Amino acid sequence: MAQSSEVLLPQKSRFVNKFFNDYVLNAMLLQIYDLNRIKVTFVQMNTQAIEILGKHQIRKTPFRINVLKIFLEAESKALNNSDIESALEDYDRITLYRTLKTFEKSGIIHQAIDGSNESKFALCHQDCTEHEHHDNHAHFLCISCGETYCLENVIHPKFSLPANYSLSKVHLALSGTCAGCQA
Ligand SMILES: [Zn+2]
Ligand SMILES: [Zn+2]
Ligand SMILES: [Zn+2]
C-alpha cells in the first residue's frame, strides 16, 4: 500500500501541476484579461455616451447615459423594448419611453422597420440630426434568431416615381439568416 502510494503521488502531483498550468492558469489569465477588457469597454462607452448626448445637445442624465450605453453595446443590432428593459437595472416605463422618443427626435437612434410588427430602435451611425435622419440602409430580420440588424452598406435603391408622386420615406426590410445563425 505504502509503496503504491509513493509511486502514485508524484504522478498525481505532476498531473495536478499540468492541469493547473494548462487550465486553471489559463482560465485565471483569461478572467483577468476579460475583467480589464470589460472595465475599459465600460469606461469607453460611458465617455462615448456622454459625447453623443453632448453633440446632440440634450441633457446628460445618468438614465440617458445608461440607455445609450445599451445601444452602443448592441452596435448594429436593433433593440425592442424588452431588450432595453432587461438590460436596465432600474427603470420606469414612462421615462424609458420618453428617453427613446427624445433620442429618436435628436437623431441618436432610428426606428428599424423590419417588416415585423415589433417596434425596434437602433443606433444612428451617420450624421443624423434633430428631425433629420439619414439612415438610408436596409434592416435585416433574421428568421432564425429573430434579431434585426442595420446593414449600413446596403442602401436604398433610387426610385423613379410616376409624375406627381413625391417620396418622403423608404423602408428597406430584408429577411433571411444572419451571419451568427449561418455559422
Ligand atoms: Zn438616424
Ligand atoms: Zn440570426
Ligand atoms: Zn438601422
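Donors here are N, O and S atoms within 2.8 Å of the metal (3.2 Å for Na, K and Ca), and with water not among the atoms, sites may look incomplete. This is a predicted model, where local features need pLDDT of at least 70, side-chain atom pairs count only at pLDDT 80 or more, and totals for chains, interfaces and linings use all residues. Side-chain values use heavy atoms, with hydrogens and water left out, and residues are numbered from 1 along each chain as its sequence is written.

**Exercise 1.** Work out which protein atoms hold the zinc ion (ligand 3), and how they are arranged.

*Solution.* 
- Start with the donors: H110 (NE2), H137 (NE2), H139 (NE2) and C150 (SG) sit 2.0 to 2.2 Å from the zinc ion (ligand 3).
- Then check the geometry: the angles among the four donor atoms run from 106 to 113°, and the site is tetrahedral (for four donors, all angles between 85 and 135 degrees).
- Now read along the chain: the spacing is H-x26-H-x1-H-x10-C.
- H110 belongs to strand 2 (residues 109-111) and H137 to strand 4 (residues 137-142), so this pair ties together parts 27 residues apart in sequence (strands are DSSP runs of E, at least two residues, numbered from the N terminus).

Technical notes: Chains lettered and ligands numbered in written order. Tetrahedral: all angles 85-135°; square planar, octahedral: opposite > 155°, others 65-115°. Helix = DSSP H or I, 4+ residues; strand = E, 2+ residues; numbered from the N terminus.
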